[in-house]
Amino acid sequence: MKKLYHIKLKAGALQYTIFISVVIALLIVAFISLTYVQQRLMAKNKHFKNLIELTDRGFLEADLQEVSYNTPTELALSSEQKSELTAIKQHWGIFDIVQLTGSHSKEVFTKTAMLAGYQSKKPALYLQDENQPLVLVGNSKIQGKAYLPQQGVKRGTIAGSSYSNNQLVYGAIEKSSKELPPILNVEALKKKLGELFLNELNDVEPLEDEMILVNSFSNPTKVLTSSNTVDLIGARLTGNVIVYATHKITVHQSSLLTDIILIAPEIEIKEKVQGNFQAIASKKITVAQGSKLIYPSSLILVEKQQSPSNARKNNAQIFIAKNCEIKGVVAFLTNDKKESYDAHILIEKDATIHGEVYCNQNIELRGCVNGSIYARGFVAQQFGSVYKNHIYNGKITSTNLSNKYAGLQFKSTNHKTAKWLYY
């Protein structure tokens, strides 16, 4: 009978074997978990990338002009689209703010843009037909397509200074109509200037000295107010912010304003101010020498209708001083249709507007507009006299404006991104 030999293992060796088995098991579980997490992250990144592409396509392909204001609207870009795309639009001064939100498999991505009106072929000048010709004097120049009254354009002389260029218009000429093309958002601008505006808002707070505030367009609008007048010395305000004053707002060189709106009867922009904002007033806007407003900015004066007994002593006016540079929109809007010899927008010598100037009264152009002018008429106040429908040393050149520029919204224009808003 064979003997059976029993081999005895030490307990330490058994523990070591179990430890190795547990480590291997943990490594296998960790590897499986890591693989699972990687797959989930890859799927999540793919969905997120698709949502980014979807929102980009939405801004390019969707008809955002058909989206209702302040109401979420679902967009459909194609029949194969599995993700949801929702748009919400709000008035923002003369422009619009649009947020597109894509969602898929619990992933959400939102992209926000400031939109404006786009024309691929912009006119240099649209002068309302008031049965008077346009008269060019001195070193004036119109370069680009011009819509003019039936009487056309002719050379003129003021105090011995005659028109000095060879051609009257360096571009095509077409007949204008009895009315200027109406722009959109005007009613929204009038509403913001109304006394009931503040009563409709919940997030109203007092403006503090040297206040610093950044508010996303994903949040409710913050309205900052102060009694009577607002002085923005040292203020740093960015985004979805409205500064509202019952009398006057003053912007200083130390003010750092980005994408916000200023609303007051009178707005004064001091010397050498730099920023990107919209100023909406009902009586007066003045821009002092050396100020530079970057695109997309706007200066909008919406004149309130006044009764004959309260006729204004000083004309409602937008005044842009020498060596100023405005990139965006300058507009004077009134319901007063009486003929006037006053200058409602005055652009001084060596001041430059890159964009559009719109005035349903009179413009006095001594500087340069690289873009388009829409006007009921022009005046030239020289040597103690006022010359109706004269341009004296003013220049309008549509060919110098970037083809990417978007500004005033007309019924015939399309939406185009003026600026992406990353906050």
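User: Why is N389 called buried?

Analyst: The relative accessible area of N389 is 4%. Buried means under 20%, exposed over 50% and partly exposed in between, with a 1.4 Å probe and protein chains only, so N389 counts as buried. This is a predicted model, in which local features need pLDDT of at least 70, side-chain atom pairs count only at pLDDT 80 or more, and totals for chains, interfaces and linings use all residues. Residues are numbered from 1 along each chain as its sequence is written, and side-chain values use heavy atoms, without hydrogens and water.

User: Where is N389, and what is its phi?

Analyst: N389 sits in the loop between β28 (385–388) and β29. Its phi is positive, about 60 degrees, although N389 is not a glycine. Helices (H or I, at least four residues) and strands (E, at least two) are DSSP runs, numbered from the N terminus. On that basis the chain has two helices and 31 strands.

User: How do you know whether N323 is buried, partly exposed or exposed?

Analyst: N323 has a relative accessibility of 46%, so it counts as partly exposed. It is found in the loop between β23 (317–320) and β24. Contact means heavy atoms within 4.5 Å. Neighbours within four places in sequence aside, N323 touches Q289, G290, S291, K349, D350 and A351.

User: Why is Q128 placed in the buried class?

Analyst: Q128 has 7% relative accessibility and therefore counts as buried. The residue lies in the loop between β5 (125–127) and β6 (134–137). Apart from neighbours within four places in sequence, its contacts are P149, S176, S177, K178, E179, L180, A375 and R376.

User: What distance separates the side chain of Q128 from the backbone oxygen of K178?

Analyst: A polar atom of the Q128 side chain lies 2.9 Å from that backbone oxygen of K178.

User: Which strand order and pairing sense does the sheet containing β6 have?

Analyst: It is an open sheet of three strands in the order β9-β6-β29, and the pairing is parallel. β9 (153–155) and β29 (390–392) are at the edges: each has a single partner strand, so one side of each has no neighbour in the sheet. Direction ignored, neighbouring strands are turned by 25 degrees against each other on average; axes are lines fitted to C-alpha atoms.

User: How do you know that β6 and β9 pair?

Analyst: Two strands pair if DSSP finds at least two bridges between them. β6 and β9 have three bridges, in the parallel sense. V135 stands opposite K154 in β9.

User: What is the arrangement of the sheet that contains β1 and β31?

Analyst: Five strands form an open sheet with the order β1-β2-β3-β4-β31 and antiparallel pairing. β1 and β31 (414–421) are the edge strands, each pairing on one side only. The twist averages 35 degrees from one strand to the next.

User: What joins β4 to β31?

Analyst: Seven bridges, in the antiparallel sense, join β4 (107–118) to β31. M114 stands opposite K419 in β31.

User: Which residues of α2 are buried, and why are they said to be on one side?

Analyst: In α2 (186–193), the buried residues are V186, A188, L189, K192 and L193. They cover an arc of only 160 degrees around the axis, which puts them on the same side of α2; the arc is that of the directions from the helix axis to the C-beta atoms. The face turned away from that side carries the exposed residues E187 and K191. Among the elements covering the buried residues are β2, β18 (241–245), β20 (256–269) and β24 (325–333).

User: What makes the peptide bond from Y295 to P296 cis?

Analyst: Its omega is near -5 degrees. P296 is in strand β22.

Definitions and conventions:
Polar contact = N/O pair within 3.5 Å; in protein donor to acceptor, adjacent residues only side chain to side chain. Axes fitted to C-alpha atoms, helices over the stretch in contact; angles between N-to-C directions.
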